Amino acid sequence: MGGEALKKLVTEPRSQTDQRTAIIDIGSNSIRLVVYQGPARVPAILFNEKVMAGLGKELATTGAIAEDSLQTAKSALQRFYRLCQEMNVDIVESFATSAVRDASNGKDLLKIASKIGIETNVLQGEEEAHLAGLGVISAIPNADGIVGDLGGGSLELARIKDGKVLETHSFPLGVLRVKELRAKGTDKLKRHVRKILKKLGWDKEARGLPFYLVGGSWRSLARVDMHTAGYPLPVIHHYEMEPHRARRLVSKLAHLNKAKLKEVPGLSTSRIPTLDDAAWLLSFMVRYLDSSEMIVSAYGVREGMLFHRVNEQEAARDPLLLATEESGTAQARFPANSKLLGKWIADIFSDDPKEWHRIRQAACNLGDVAWRANPNFRAERGLVMGLHGNWVGITGPEREMLGQALFTSFGGGSNTVFPGGGKLVRPEATQRAIAWGLAMRLAQRLSGGTRRPLEQSSICRVDGKLELRLPGSIAKLYGDSVQKRHSQLSAILELEPALVAKK
């Protein structure tokens, strides 16, 4: 799927890995512009805006996009095109989904976009499902289950496993159409859902698997669940819900008025009218599929389009480690030492569970991000980067460990849990993250953030001691502050600190 070059106001040559790519997503409910820059595997978001155009609101009654929706879409596309010019975007990708492909006047919108300068590709349902599946895989590489992408006009389903999209389906069952079915009675909706799912032949294979939620309506439902459950993180990606919570959301929404829903952090008021319908559909889906859990993905079709471009070698890279390395490198005081820092402390933590190794390395990748902050706020800065960074490939509990390690590393205390921490992981995991932070703090204090002291020294466990081995050429680096950090790390590991002079 190729992108169109944009006529820019200014021409600035960029490397391929630094290109700016804009994606315009023309959906049945909203039209959205997202501008990305950086590695194609996990590009950073420079800009994100949506306009609720309601292209699909009259499809069921008239079969066409309403005139006022066309005008709203035109205004949004004109603004988005101009913004892309101002941002000196290199490539613009524009795609339309259910409303445009189903409407009798869908071509009118395409002509409007073309006159503005935006050539738009109309995705077929199975293409959309495939890209949604790729989007989830790019953000959750080990995902194994069913992707459900709920839009305004259609529902796309994809079976994903082992980094591949195995099977795709599309149904005219978007949240705007669910409303019509519910108006005829919830039994009508239930029978309709059962009928389309039965056609898939997934009765046995798909049962008991995770159900990955994609699309604004289902993400909004998850925000309501996070709020009512008192979930301690504001990050929606990889939020997990037990299947019974879908039915509970139906009940909750029946008792929450608009004023109460407006109190939910991060919930777009434009999504409130469709929440009931989205909840009913989700409850039927997970019940029929006997889903083991529901997992929210912040990535979907747009990110699937980007992921579709990368080669096999790039696609295999860990998105968390790649993104944290990029961010850490950009903010490092000296040429980045993240891999060296991770290697320097690795021997101390060789008995960590395998799944923790990458979280520890991610912390090392970000080990220099707060040094330019005010000294009184370095720990807070590190915590925010770990907890709230725009990372994927990481669960909520893993975020808590990452945030704790950075909080400790930047001076949050030698054995202090960050404010509000310790809620998603066991105490032993929190203690381990504190130990990572103390080890990073020792390394950074010893080296001052430079490479050579870490290259020439080592630290390891030996017979109940935590030996810091320094050659004579850098022995003078072991001052009072380094000794203090050495003692703090030794204490949490229940070892005796020992300095070993190497010849």
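The stops below cover sheets, helix pairs and single residues.

**Before starting**

This is a predicted model, in which local features need pLDDT of at least 70 and side-chain atom pairs count only at pLDDT 80 or more, while totals for chains, interfaces and linings use all residues. Residues are numbered from 1 along each chain as its sequence is written, and side-chain values use heavy atoms, with hydrogens and water left out. Helices (H or I, at least four residues) and strands (E, at least two) are DSSP runs, numbered from the N terminus.

**Stop 1: the six-stranded sheet**

Select strands E9, E8, E7, E10, E12 and E11, which in that order form an open sheet with mixed pairing. Two strands pair if DSSP finds at least two bridges between them. Why is one side of E9 and of E11 left without a neighbour in the sheet? Strand E9 (164–171) and strand E11 (240–241) stand at the edges, so each has a single partner strand.

Next, select strand E7 (residues 145–150) and strand E10 (residues 211–214), which pair in the parallel sense over four bridges. Gly148 has Leu213 in E10 as its bridge partner. Angles run from 0 to 180 degrees between N-to-C directions, and axes are lines fitted to C-alpha atoms, for helices over the stretch in contact. Contact means heavy atoms within 4.5 Å.

**Stop 2: two loop residues with positive phi**

Select Asp162, in the loop between E8 and E9. Its phi is near 55°, a positive value in a residue other than glycine. Is Asp162 buried or exposed? Asp162 has a relative accessible area of 66% and is exposed. Buried means under 20% relative accessible area, exposed over 50%, and partly exposed in between (1.4 Å probe, protein chains only).

Then select Asn88, in the loop between helix H2 (67–86) and strand E5 (91–96). Asn88 is not a glycine, yet its phi is positive, at about 55°. With 5% relative accessibility, Asn88 counts as buried.

**Stop 3: helices H8 and H9**

Two packed helices are described by the angle between their axes and the distance between the axes. Select helix H8 (residues 216–229) and helix H9 (residues 244–254), whose axes come within 11 Å and cross at roughly 85°. H8 is therefore roughly perpendicular to H9. Angles under 35 degrees count as roughly parallel, over 145 as roughly antiparallel, 65 to 115 as roughly perpendicular and the rest as oblique.

To view the contact, show Leu221, Val224, Asp225, Thr228 and Ala229 of H8 together with Arg245, Leu249, Lys252 and Leu253 of H9. By class, this contact of H8 with H9 has five nonpolar, one polar and three charged residues. Ala, Val, Leu, Ile, Met, Phe, Trp, Tyr, Cys and Pro count as nonpolar, Asp, Glu, Lys and Arg as charged, and the others, Gly among them, as polar.

**Stop 4: helices H18 and H19**

Select helix H18 (residues 396–409) and helix H19 (residues 427–447), whose axes come within 7 Å and cross at roughly 40°. H18 and H19 are therefore oblique to each other. The contact of H18 with H19 has nine nonpolar, five polar and two charged residues.

Within H19, select Thr430. Thr430 counts as buried at 7% relative accessibility. Which residues does Thr430 contact, leaving aside its neighbours within four places in sequence? Thr430 is in contact with Glu400, Gln404, Val417, Gly422 and Val425.

**Stop 5: the three-stranded sheet**

Finally, select strands E13, E14 and E15, an open sheet in that order with mixed pairing. Strand E13 (458–462) and strand E15 (496–502) stand at the edges, each with a single partner strand. The twist averages 25° from one strand to the next. E13 and strand E14 (residues 465–471) run antiparallel and are joined by five bridges; Ile459 stands opposite Leu468 in E14. Helix H21 (residues 480–492) packs on this sheet, touching E13, E14 and E15, and the direction of H21 makes about 130° with that of E15.
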